[in-house]
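Student: I would like to learn how to read the local features of a model, one at a time. Could we start with a side chain and its polar partners?

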Amino acid sequence: MSENKRSVLIVDDNKENLKVVSNYLKREGYEIALSLNAENAYSVLENHEIDLVLLDVMMPGEDGYTFCRRIKKEDRFKEIPVIFLTAMSDTENLVEGFKAGGVDYITKPFRKEELLARVKSHVELSKAKKSIIAQANLIQQINMTRDRMYSVISHDIKAPFANISMMISMISEGYLETDSEDFREILANLNYSTKETYALLENLLNWTRSQTGKLECVKEKVSLLDLVESSLSFIRLNAENKNISIDVAIDDNLMLNADPNMMKSVIRNLLSNAVKFTDRNGQIFLTGDRDSDGTVIFTIRDTGVGIPKDRLDTLFSRNIFVSSSGTSNEKGSGLGLHLVRDFSEANNGTVDVISEPDKGTTFILKFLPA
């Protein structure tokens, strides 16, 4: 049913009643679904977006009250307003309808004007409620994004900046001889800290844009090897400091149809994690291949500390952020794997992970052909 129209499900075992009510509502622009019994009505609800249910009480099989109670127990249906169509006007039966979850009732025989007025009122209330719920969910998402930003800024970016500021002060105030080993070590650390902080900021900005829908995916033909080599330049110094070897086996003709900036972020985050969680003298292996159906398969395998099973089960959960220190106490924001998942999906890809504690981790990315 069209999202722009108001849709009503009419449930009544009397075909004449179905015909009369549906004709009234169709003339007012409503989209109509008809059911003669509760089971068929349930199937309609499962397969269509319904704004309101007009429900007869006395039906063979499951009666209207029982059916209403059933659908009100399910989250996906409980907000759909139900108006009972009933020949019973005594207080006891009307109260029973409200207890079952109905929002209103219309007694038979009904007047056209009353039917249309009540349907219109409850459909508009239902749509207004849906709009309010959607806005509340959006506000909650915005607040979560804001709080996550503040957390990353205060905990994960503030400390590296303080370290950078301290090293610059040592240089600018002349505490170190420019030709000394200490000076060269300070410069190397400064270079590393600057790159790490830049990566944290870039992850934060990219994640924020992705959460607010402001990050556009612009695909083009790009070499996977070029993307990998560009990303390797970013993490190579840290890998060398830990004496981690990196082996690359990717054909230079292996092409992806993807957004190059997003893919660089994906590869850089996975490489950074591999280096971060691999001990000194460890190894990292990068491979790329094309399957028989054209799917590009890219893997990053390390000989690192691995991921515990309880962490593995929630690794890509959208509302769980875990920032763990690396084998040399490297820091992170907890945003990297979220970007890996979101950016891979945006480029028609999937991410799988295999890991065993103390033996290493393998990330497997698959990208379908354009």
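Tutor: A polar contact is a pair of N or O atoms within 3.5 Å; within protein, one must be able to donate a hydrogen and the other to accept it, and residues adjacent in sequence count only if both atoms are side-chain atoms. Here a polar atom of the Ser 22 side chain lies 3.0 Å from the backbone oxygen of Lys 19. This is a predicted model, in which local features need pLDDT of at least 70 and side-chain atom pairs count only at pLDDT 80 or more, while totals for chains, interfaces and linings use all residues. Residues are numbered from 1 along each chain as its sequence is written, and side-chain values use heavy atoms, with hydrogens and water left out.

Student: Where is Ser 22 placed, and is Ser 22 buried or exposed?

Tutor: Helices (H or I, at least four residues) and strands (E, at least two) are DSSP runs, numbered from the N terminus. Ser 22 belongs to helix α1, residues 15-27. Buried means under 20% relative accessible area, exposed over 50%, and partly exposed in between (1.4 Å probe, protein chains only). Ser 22 counts as buried because its relative accessibility is 4%. Contact means heavy atoms within 4.5 Å; with residues up to four places away in sequence not counted, Ser 22 touches Ile 10, Ile 32 and Leu 34.

Student: What does the side chain of Asp 51 reach?

Tutor: The Asp 51 side chain reaches the backbone nitrogen of Ser 7 at 2.9 Å. It also makes a polar contact with the side chain of Lys 127, at 3.4 Å. Asp 51 sits in the loop between α2 (38-47) and β3 (52-56), and it is buried because its relative accessible area is 5%. Beyond four places in sequence, the residues that Asp 51 touches include Lys 5, Arg 6, Ile 80, Pro 81 and Lys 130.

Student: How many residues does the largest nonpolar core have?

Tutor: In soluble globular proteins, nonpolar side chains tend to be buried together. A nonpolar core is a set of buried Ala, Val, Leu, Ile, Met, Phe, Trp, Tyr and Cys residues joined through side-chain atoms within 4.5 Å. The largest one here has 38 residues, and Leu 224, Leu 256 and Phe 298 have the most contacts inside it. The elements giving two or more residues to this core include α7 (224-241), β8 (255-258), α8 (260-276) and β10 (296-302). Another core lies apart from it, with 22 residues, among them Ala 38, Ile 71, Phe 84 and Ala 100.

Student: Which residues is Phe 298 in contact with?

Tutor: Neighbours within four places in sequence aside, its contacts include Leu 224, Val 228, Ile 250, Ile 267 and Phe 363.

Student: How is a cavity read, and what volume has the largest cavity?

Tutor: On a 1 Å grid over the protein atoms alone, a cavity is a set of points where a 1.4 Å probe fits but cannot get out; lining residues have an atom within 4 Å of a point. Grid points are joined across faces, edges and corners, and a volume is the space filled by probe spheres set on the points. The structure holds two cavities of 30 Å³ or more, and the largest has a volume of about 60 Å³. Its lining includes Val 57, Tyr 65, Asn 93 and Asp 104. Helix α4 gives the most to this lining, with four residues.

Student: How do the residues of that lining divide?

Tutor: Ala, Val, Leu, Ile, Met, Phe, Trp, Tyr, Cys and Pro count as nonpolar, Asp, Glu, Lys and Arg as charged, and the others, Gly among them, as polar. On that basis the lining has seven nonpolar residues, four polar and one charged.

Key
1 Å grid on protein atoms, 1.4 Å probe; cavity = no way out; pocket = protein on both sides within 12 Å on 5 of 7 lines; lining within 4 Å.
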